[in-house]
Amino acid sequence: MKPVHYYRCMRGIVWREALRFLNQRGRFLAALVRPLVWLLIFATGFRFVLGVSIIPPYQTYIPYQVYIAPGLIGMILMFQGMQSSLSMVWDRETGSMRTLLVSPLPRWYLLLSKLIAAVIVSVLQAYVFLIIGYFWGIHPPRWGYLTVLPALILSGMMLSALGLFLSSVIRQLENFAGVMNFVIFPMFFASSALYPLWTVKQANEKLYDICMMNPFTHAVELVRFALYEKFNHVAFAVVGGCLVLFAILAIVGYDPGRGLIARRQGGE
Amino acid sequence: MLEVKTQTGDASAAGPSAREAPPLVVEGLSHAFGKRQALREVSFQLERGDRTMLLGLNGAGKTTLFSLITRLYNHRGGSIRIFGWEIQRKPSEALARLGVVFQLPTLDLELSVAQNLFYHAALHGLPRREAATRLKREIERVGLTDRLRENARTLSGGQRRRVEIARALIHRPKLLLLDEPTVGLDVASRQFLLDHVRMLCREEGLAALWATHLIDEVDDEARVIVLHRGQVLAEGPVPEVIRRANATSMREAFDKLTGERLE
């Protein structure tokens with residue numbers, strides 16, 4: 001297998017993912033409506049409840065919807081990451097995961113391609129959200145739209161890698177409600193997506209510690225800072241570290257020798 | 001003569017120089033899930049043009065065997081070589097020469113037939129133009145050219161299976177595995193598949209391993225491997241297996257060999 005084979009294979013996987021996404025228009029709309037509901041309704045309702053003081057990276061007082069925009073982008077990335085991991089579980093159940101795994105390229109590469117495909121789709125969604133958000137008062141600096149791109153990619157990869165890892169371990173993941181309850185909601189609410197963490201710290205120190213240990217908090221902060229042309233070192237280190245960790249766990253999970261697939265196939 | 005035989009050669013021959021290596025050599029293969037022994041010292045060999053029916057009851061170990069040959073997970077004892085390439089040491093070389101039709105339907109129902117086939121070609125690193133030529137030919141051979149642009153969801157079960165066979169052949173493997181491919185198909189679709197694979201073996205020298213629990217699918221021109229409780233009880237051309245078992249039909253031979261009755 002030559003490099004050109006690797007290239008064609010990844011292109012094929014990305015192409016399929018994009019086709020699947022575009023073919024399911026309902027999925028595309030749902031993926032957009034969710035954060036928009038939060039932005040248009042929730043943020044409006046809460047803007048007078050939560051006072052937001054000046055915290056980095058912002059330099060002035062900001063309306064609430066500006067504060068939660070990066071959090072909602074994080075939500076898009078997380079939902080997409082979980083959704084593609086779900087589709088992998090579904091793929092495995094229906095067997096199309098098997099057609100992927102019997103193809104000749106190394107398994108880690110196939111998983112990486114899957115991951116990249118998922119991230120491309122979620123980054124596109126994030127930009128569509130930002131464009132709509134522009135008409136709702138979210139005006140980051142012009143170059144912020146560019147500087148946020150690497151943060152979107154890195155955070156998206158981290159969250160998709162988490163999804164991939166979960167898909168290799170958890171069998172009952174096909175139940176999306178379960179993922180919502182046990183993964184998405186806890187990660188989303190115990191983070192800086194909806195409220196600045198100093199308010200959490202005032203309310204409850206333990207919860208604050210949990211929020212700080214939540215990789216999703218750092219994904220959101222990385223995006224928040226990057227959107228305002230700033231670089232958050234700590235968030236970068238945590239997101240990068242978690243990406244490596246989750247990716248390794250996912251590769252182990254799908255390894256034919258040690259993987260959980262091997263232990264699980266008890267029946268005929 | 002229906003079977004094109006080549007010299008078996010040294011069974012231990014392996015690696016890129018072994019161009020004459022047999023399509024599939026399974027030697028002393030054992031596998032267990034926890035305490036349950038799924039396969040016990042399974043050995044057999046396929047030659048070019050061989051159409052071999054892997055006959056066994058449900059739970060005999062057929063799916064485990066297929067999972068190991070396709071490297072869904074690693075085997076614990078013994079070896080599997082595809083054209084001389086050990087599946088665990090050289091998975092890429094081995095898998096590139098292998099076509100598979102799985103028991104479960106594996107088409108992506110969100111995509112069209114052509115998109116499904118292009119996706120498979122990409123996984124095998126084929127350039128798009130080449131893939132287009134090949135998939136036209138393969139889909140024509142299964143008589144579904146007019147359905148190429150349609151969504152896979154609109155196809156019947158039998159048609160989906162035909163697309164899966166076409167797909168398994170796009171990267172031109174010389175070894176084809178079929179895991180109970182006719183389950184749930186009507187009589188006509190089933191006959192089509194049997195005839196198609198027979199033709200592929202006879203005219204193109206393809207080696208095929210076809211797992212089944214339906215004795216009707218085992219005809220006299222094929223070879224048969226009787227797998228029972230993880231062990232190979234008999235292997236060879238069907239008439240020979242029947243003769244050795246002192247039986248008059250494959251059904252009787254199977255009953256005698258296993259002491260159980262087949263569907």
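## Where chains A and B meet

Across the interface of chain A and chain B there are two salt bridges, a salt bridge being a side-chain nitrogen of Lys or Arg within 4 Å of a carboxyl oxygen of Asp or Glu. This is a predicted model, in which local features need pLDDT of at least 70, side-chain atom pairs count only at pLDDT 80 or more, and totals for chains, interfaces and linings use all residues. Residues are numbered from 1 along each chain as its sequence is written, chains are lettered from A and ligands numbered from 1 in the order in which they are written, and side-chain values use heavy atoms, with hydrogens and water left out.

The side chains of Arg16(A) and Asp108(B) form a salt bridge at 2.8 Å, N to O. Over all chains, the count of salt bridges is 22.

At the interface, 34 residues of chain A are in contact with 37 residues of chain B (contact means heavy atoms within 4.5 Å). About 3300 Å² is buried between the two chains, 58% of it from carbon and sulfur atoms; buried area is the accessible area (1.4 Å probe) lost when two parts are put together, summed over both.

|---|---|---|
| Helix 5 | 157-169 | Gly158(B), Arg161(B), Ile165(B) |
| Helix 6 | 187-204 | Ser189(B), Phe192(B), Leu200(B) |

The axes of helix 5 and helix 6 of chain B, lines fitted to C-alpha atoms over the stretch in contact, come within 9 Å and cross at roughly 15°. Helix 5 and helix 6 of chain B are therefore roughly parallel, a label for angles under 35 degrees.

Technical notes:
Axes fitted to C-alpha atoms, helices over the stretch in contact; angles between N-to-C directions. Helix = DSSP H or I, 4+ residues; strand = E, 2+ residues; numbered from the N terminus. Parallel < 35°, antiparallel > 145°, perpendicular 65-115°, else oblique.
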